[in-house]
Amino acid sequence: MNSGMTYEISTTSSADTKSAGHRLSKLLGGGDIVELSSDLGGGKTTFVQGVALGLGFAAPVTSPTFTLSNIYHLADGRELHHYDLYRLGEGGVMADELAEDIQDPEVITIIEWAGVAKTRLPVDRLLISFDVTADTGRRLTFSAGGPNSASILARLKT
């Protein structure tokens, strides 16, 4: 998936991780896909809270671990779809719903635990790997999978 373009940042707190998500949100548009990868408790949902806030969604953002997906309606008419496929043993219906979302130009899609849906995801997506470096510290490694995600990554690096 890696186009060879990567970028790393370190955060020292949940607020820093949320701020990193907020910063990325300013670069995301409809049709963009972000895959988040980490162990449990890696900071993925905290990051999504920052993305949602940056997109103008001020209501609480929670992990969709048990519901599998949360849809946040943004003031500008777009939607942020947040998937957590951790509890999904096989692609099934949720993977079909995901396949529809990623084709919608008004939807920004963020996916946690994407393993069961990998074959249905386009290569051109932004992958963010979270590594725990301390109690509240994280190293976020951004990797681009194609030209669109490489463009997002290039703008993030500046």
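Let's start at Arg-139, a partly exposed residue whose relative accessible area is 31%. In this predicted model, its side chain meets that of Asp-131 in a salt bridge, with 3.5 Å from N to O. Asp-131 is partly exposed too, at 32% relative accessibility.

Now for the sheet. Seven strands make up an open sheet with mixed pairing, in the order β1-β7-β6-β2-β5-β4-β3. At the edges sit β1 (6–11) and β3 (69–73), each pairing on one side only. On average, and ignoring direction, neighbouring strands here are turned by 15 degrees against each other.

Take a look at β2 (residues 33–37) and β6 (residues 126–132): they pair in the parallel sense over four bridges. Leu-36, for instance, has Ile-128 in β6 as its bridge partner.

Helices come next. Helix α1 (residues 14–25) packs on the sheet and touches β1, β6 and β7 (138–144), its direction making about 145 degrees with that of β1. Helix α2 (residues 44–54) lies across β2, β4 (79–84), β5 (107–112), β6 and β7, and runs at about 170 degrees to β5.

Back to charges: side chains of opposite charge can pair when their charged atoms come close. The count of salt bridges comes to three. One of them joins Glu-35 and Arg-125, whose closest N and O atoms are 2.7 Å apart. Glu-35 lies in strand β2 and Arg-125 in the loop between β5 and β6, so this pair ties together parts 90 residues apart in sequence. Both residues, Glu-35 and Arg-125, are buried.

Arg-78 and Asp-76 also meet through their side chains in a salt bridge, 2.8 Å from N to O. Here Arg-78 is buried, at 17% relative accessible area, while Asp-76 counts as partly exposed at 47%.

Key:
Residues numbered from 1 in each chain as written. Predicted model: local features only at pLDDT ≥ 70, side-chain atom pairs only at ≥ 80, totals over all residues. Heavy atoms only, no water. Pairing = 2+ DSSP bridges. Helix = DSSP H or I, 4+ residues; strand = E, 2+ residues; numbered from the N terminus. Axes fitted to C-alpha atoms, helices over the stretch in contact; angles between N-to-C directions. Contact = heavy atoms within 4.5 Å. Salt bridge = Lys/Arg side-chain N within 4 Å of Asp/Glu carboxyl O. Buried < 20%, exposed > 50% of the residue type's maximum accessible area, 1.4 Å probe, protein only.
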